Amino acid sequence: MSSTPQPFVVRYKKNDGSRHTLQLHAINRKEARIVAMETNAYLRRYPTSVDSILHAA
């Protein structure tokens, strides 16, 4: 298991139906969710709005 941060894409949907993506670096998907919630006010308030967390190439 690598401890080097890797690129991830976090996709989420707002209450108005619009879809958004965040690109960030994290060690794994769990940390990517935490980083997304720390850096995005909407995800901090509505963490269950995350649709997917994908490993970016």
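**Reading a charged pair and its surroundings**

Reply: Let us begin with R19, which counts as exposed because its relative accessibility is 57% and the cut-off for exposed is over 50%. Please keep in mind throughout that this is a predicted model.

Me: Which side chain does R19 meet in a salt bridge?

Reply: As a general idea, side chains of opposite charge can pair when their charged atoms come close. Here the side chain of R19 meets that of D51, with 2.8 Å from N to O, and the pair links distant parts of the chain, since R19 sits in strand β2 and D51 in strand β3, 32 residues apart. The structure holds 1 salt bridge.

Me: Is D51 buried, exposed or partly exposed?

Reply: D51 has a relative accessible area of 43%, so it is partly exposed, a class that lies between the cut-offs of 20% and 50%.

Me: In what order do the strands lie in the sheet?

Reply: The 3 strands form an open sheet in the order β2-β1-β3, with antiparallel pairing, and β2 and β3 are the edge strands, each pairing on one side only. On average, neighbouring strands of this sheet are turned by 20° against each other, direction ignored. Between β1 and β3 there are 5 bridges, and Y12 has V50 in β3 as its bridge partner. Helix α1 lies across β1, β2 and β3, and runs at about 115° to β2.

Me: Which residues touch the most other members of the largest nonpolar core?

Reply: That core has 13 residues, and V10, L22, L24 and L43 touch the most other members; the elements that give two or more residues to it are β1, β2, α1, α2 and β3. Leaving out residues up to four places away in sequence, V10 touches a list of residues that includes L22, L24, A32, A36, L43 and I53.

Me: Where does S49 lie, and is S49 buried or exposed?

Reply: For a loop residue, one can look at its accessibility and then at its contacts. S49 lies in the loop between α2 and β3, and it counts as buried because its relative accessibility is 10%, where buried means under 20%. The side chain of S49 reaches the backbone oxygen of Y46 at 2.8 Å, and, neighbours within four places in sequence aside, S49 is in contact with R11, Y12, K13, Y42 and L43.

Notes
Residues are numbered from 1 along each chain as its sequence is written. This is a predicted model: local features need pLDDT of at least 70, side-chain atom pairs count only at pLDDT 80 or more; totals for chains, interfaces and linings use all residues. Side-chain values use heavy atoms; hydrogens and water are left out. Helices (H or I, at least four residues) and strands (E, at least two) are DSSP runs, numbered from the N terminus. Buried means under 20% relative accessible area, exposed over 50%, partly exposed in between (1.4 Å probe, protein chains only). A polar contact is a pair of N or O atoms within 3.5 Å; within protein, one must be able to donate a hydrogen and the other to accept it, and residues adjacent in sequence count only if both atoms are side-chain atoms. Contact means heavy atoms within 4.5 Å. A nonpolar core is a set of buried Ala, Val, Leu, Ile, Met, Phe, Trp, Tyr and Cys residues joined through side-chain atoms within 4.5 Å. A salt bridge is a side-chain nitrogen of Lys or Arg within 4 Å of a carboxyl oxygen of Asp or Glu. Two strands pair if DSSP finds at least two bridges between them. Axes are lines fitted to C-alpha atoms, for helices over the stretch in contact, and angles run from 0 to 180 degrees between N-to-C directions.
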